[in-house]
Amino acid sequence: MFSNKDIAQFADLETPFYYYDLSLLQRSLSACVEAAKVYDFHVHYAMKANFNDTLLKKIKEAGLGADCVSGNEVKKAIEVGFDKKKVVFAGVGKSDKEINGALDLDIFCFNVESVQELAVINELAEKRGKVAKVAIRINPNVDAHTHHNITTGLDENKFGVNSWDLPDCAEVLKVSANLEFIGIHFHIGSQITNLDVFKNLCVRINEFAKWFEERGFPVKVLNVGGGLGIDYQNPEQQIPDFAAYFKIFNDFLEKRPNQEVHFELGRAIVGQCSSLISRVLYVKNGKSKNFIILDAGMTELMRPALYQAYHQIENLSKQDGEASVKYDVVGPICESTDCFGKEVLLQETVRGDLIGIRSTGAYGEVMSSHYNLRENVRVAFSER
Ligand SMILES: Cc1ncc(COP(=O)(O)O)c(C=O)c1O
Ligand SMILES: N[C@@H](CCCC[NH3+])C(=O)O
């Protein structure tokens, strides 16, 4: 919900831009940290969701670790000041250069996604005279019941080590003097709103933890990944129910004494704290359809084009009027999928109106591109 003061400020800014509400981010962080503290759970922030410096600093100050998916994310996490003992590096295709970089930075652990990667990390660590801490990312074949394109924990997905490869993993671990096995890692998908999915995940985690322990590998860390969804239909539901989420893991994981439980949350922390603010360039009244053409497109926010994702759209210049006209809200990019919403009910809209596209804090700014030689996306912050 934007105040009149916010909207007045937007009027002076060049559009399009991502608007970040830092006090909402702070409230979301506090809720997450408080809820995790109840069970002594460790939370890493999944940097891929948004690596804007201003946000990262706040997230680091809240005491979270960093879950990274590239060498550059690892470097950035350390530069921003995340404690290197709380930096983890996952990713199905880590290059030798990225692995070496992370070894040199002495990060907490590598979440390893294949048997071959395990052997490569051992070899590279040996050359550097290091012992790399590793957790095995297991693909548990659990359906996340989310959009097909953001499901990561089914047999058909490229992520993690499949159950049938675990005996080979154990063999490599046994003969690798430069690897220290610390635990197991999972991440079954993103934007998960049905919490029962996490109960199913816990059942599988318990089975895999037992499997490793029975073979003489103590599991010190259970990293359950991220995936907690947000309410895109209702952006005023600003803070996800972290308490209910963590309670599931407390209730369903068979946790051993001294075992740590780690989480990697991205969207749930930053998703609601931002909107993409754009201006109407043109309104085209077709015979069967009305188009609003914005100065923002899929180059600024790719999620609708990529996953047909829903984001609430508001006309900020006409807050009081009745939303009575249906528009297809599109961008300027030369792609037919460059569409933010079809048949969106809005107030009668004219050239120059400001449009807010809500819930864009996660996988928004970071997925922007220069396609069509578009400019760098702009940002603005507020701390109410
Ligand atoms: C390994 C891993 N951990 C954590 C996340 C964060 O996911 P989310 O933003 O859904 O919490 C992702 C992204 O899906 C991921 O690939
Ligand atoms: N980028 C996706 C989520 C993928 C998360 C990374 N595995 C989104 O916008 O929803």
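A: One term to begin with: a residue is buried if 20 or more other C-beta atoms lie within 10 Å of its own, exposed if 12 or fewer, and partly exposed in between. Also, this is a predicted model.
Q: OK, is I333 buried, exposed or partly exposed, then?
A: I333 has 19 other C-beta atoms within 10 Å, so I333 is partly exposed.
Q: Where does I333 lie?
A: I333 is in the loop between β14 (325-330) and β15 (339-346).
Q: And what does I333 touch, not counting residues up to four places away in sequence?
A: I333 touches G297, M298, T299, D338, Y371 and N372.
Q: How far apart are I333 and G229?
A: In sequence they are 104 residues apart, and in space 29 Å, C-alpha to C-alpha.
Q: Let's step back. How is the chain divided?
A: Into domain 1 (4-17 + 272-382) and domain 2 (22-271). Their centres, taken over C-alpha atoms, are separated by 33 Å.
Q: How many residues does the contact take from each domain?
A: 16 residues come from domain 1 and 22 residues from domain 2.
Q: Which element gives the largest share of the domain 1 side?
A: Strand β17 (residues 378-382), with three residues. By class, the side of domain 1 that touches domain 2 has eight nonpolar, six polar and two charged residues.
Q: Now the core. Which residues of the largest nonpolar core touch the most other members?
A: That core has 105 residues, and the ones touching the most other members are C68, V87, I121, V134, L201, L222 and L265. Helix α8 (residues 196-214) gives the most to this core, with seven residues. At least three residues come from each of domain 1 and domain 2.
Q: What is C68 in contact with, leaving aside neighbours within four places in sequence?
A: C68 is in contact with M47, E73, V74, A77, V87, V88 and F89.
Q: Switching to helices. At what angle do the axes of α6 and α7 cross?
A: The axes of helix α6 (residues 115-127) and helix α7 (residues 166-175) cross at roughly 10 degrees and come within 9 Å. That makes α6 roughly parallel to α7.
Q: Which residues make the contact?
A: V115, L118 and A119 of α6, and D168, C169 and V172 of α7. By class, this contact of α6 with α7 has five nonpolar, no polar and one charged residues.
Q: What is phi of D106?
A: Near 55 degrees, a positive value in a residue other than glycine. D106 is in the loop between α5 (96-104) and β5 (109-112). D106 is partly exposed because 13 other C-beta atoms lie within 10 Å.
Q: And where is Q308 found?
A: Q308 is in the loop between α11 and β13. Q308 is not a glycine, yet has a positive phi of about 50 degrees. With 12 other C-beta atoms within 10 Å, Q308 is exposed.
Q: Last one: what does Y310 touch, not counting residues up to four places away in sequence?
A: Y310 touches Y232 and Q233. Y310 and Q233 are 77 residues apart in sequence but 7.5 Å apart in space, C-alpha to C-alpha. Y310 is found in the loop between α11 (303-307) and β13 (313-315), and counts as partly exposed, with 14 C-beta neighbours inside 10 Å.

Terms used
Residues are numbered from 1 along each chain as its sequence is written. Chains are lettered from A and ligands numbered from 1 in the order in which they are written. This is a predicted model: local features need pLDDT of at least 70, side-chain atom pairs count only at pLDDT 80 or more; totals for chains, interfaces and linings use all residues. A nonpolar core is a set of buried Ala, Val, Leu, Ile, Met, Phe, Trp, Tyr and Cys residues joined through C-beta atoms within 7 Å. Helices (H or I, at least four residues) and strands (E, at least two) are DSSP runs, numbered from the N terminus. Domain bounds come from an automatic or database domain assignment. Two residues are in contact if their C-beta atoms, placed from the backbone, lie within 7 Å. Axes are lines fitted to C-alpha atoms, for helices over the stretch in contact, and angles run from 0 to 180 degrees between N-to-C directions. Angles under 35 degrees count as roughly parallel, over 145 as roughly antiparallel, 65 to 115 as roughly perpendicular and the rest as oblique. Ala, Val, Leu, Ile, Met, Phe, Trp, Tyr, Cys and Pro count as nonpolar, Asp, Glu, Lys and Arg as charged, and the others, Gly among them, as polar.
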